[in-house]
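The report below describes a single protein chain and moves from its overall make-up to individual residues. Please keep the sequence and the model in view while reading.

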Amino acid sequence: MSSLHCALARPLIVAGVLDGKPIGPRVAEHRDACLRCQATEARARATGRSLRKLELVGADAPPGMTTAVVSQLDDPPPAARRPVGVTFALVVAMAGLVVFLRRMRRR
Ligand SMILES: [Zn+2]
């Protein structure tokens, strides 16, 4: 299945699990054929169980908040992915610095 289908189906699947919204036959058909979306559904169910436990402790979450939180966890915005490249560049720079300092000590 294409990632476009997954991108369209995932929020509906999560809303279906957490808010009880009907997902429709086409989304259900995609989910049944797509391991990624089945994994998304399983994560949403686990998250829903955890959030229900939290709700038993005290505060009630506003309607739709659960879906919004889970969808953010599932697909972090592009800006959230960028620091991985920056982190990798810093690690490479630090490794280069360590090698440089070791060579300087030998002299
Ligand atoms: Zn999918």
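## Conventions and confidence

Helices (H or I, at least four residues) and strands (E, at least two) are DSSP runs, numbered from the N terminus. Residue numbers start from 1 along each chain as its sequence is written. The model is predicted, so that local features need pLDDT of at least 70 and side-chain atom pairs count only at pLDDT 80 or more, while totals for chains, interfaces and linings use all residues.

The mean pLDDT of the protein chain is 78, and 66% of its residues reach 70 or more, where pLDDT is the predictor's confidence in each residue, from 0 to 100. Confidence is highest in α2, with a mean of 95, and lowest in helix α5 (residues 78–106), with a mean of 67. Where pLDDT is low, the predicted coordinates should not be read in detail.

## Overall architecture

The protein chain holds five helices and zero strands, which gives the pattern α-α-α-α-α along the sequence. Of its 107 residues, 16% are buried; a residue is buried if 20 or more other C-beta atoms lie within 10 Å of its own, exposed if 12 or fewer, and partly exposed in between, with C-beta atoms placed from the backbone.

Two residues are in contact if their C-beta atoms, placed from the backbone, lie within 7 Å. Among the contacts between residues at least 6 apart in sequence, 64% join residues at least 24 apart.

## The largest nonpolar core

A nonpolar core is a set of buried Ala, Val, Leu, Ile, Met, Phe, Trp, Tyr and Cys residues joined through C-beta atoms within 7 Å. The largest one has nine residues, namely Ala9, Leu12, Ile13, Val14, Ala15, Val17, Leu18, Cys37 and Ala44. The elements that give two or more residues to this core are α1 (3–19) and α3 (35–57), and α1 gives the most, with seven residues.

Leaving aside residues up to four places away in sequence, Ala15 touches Lys21 and Thr67. Thr47 lies in helix α3 and counts as partly exposed because it has 18 C-beta neighbours inside 10 Å. Thr47 and Val14 are 33 residues apart in sequence, and their C-alpha atoms are 10.0 Å apart in space.

## Packing of α1 against α2

Two packed helices are described by the angle between their axes and the distance between the axes. Helix α2 (residues 25–33) packs with α1 at an angle of about 110°, with the axes 10 Å apart; axes are lines fitted to C-alpha atoms, for helices over the stretch in contact, and angles run from 0 to 180 degrees between N-to-C directions. The two helices α1 and α2 are therefore roughly perpendicular to each other, a term that covers angles of 65 to 115 degrees, with under 35 counted as roughly parallel, over 145 as roughly antiparallel and the rest as oblique.

In this contact, His5, Ala9, Leu12 and Ile13 of α1 meet Val27, His30 and Arg31 of α2. Arg26 also lies in helix α2, and with 12 C-beta neighbours inside 10 Å Arg26 counts as exposed. The C-alpha atoms of Arg26 and Ala9 are separated by 9.1 Å, although the two residues are 17 apart along the chain.
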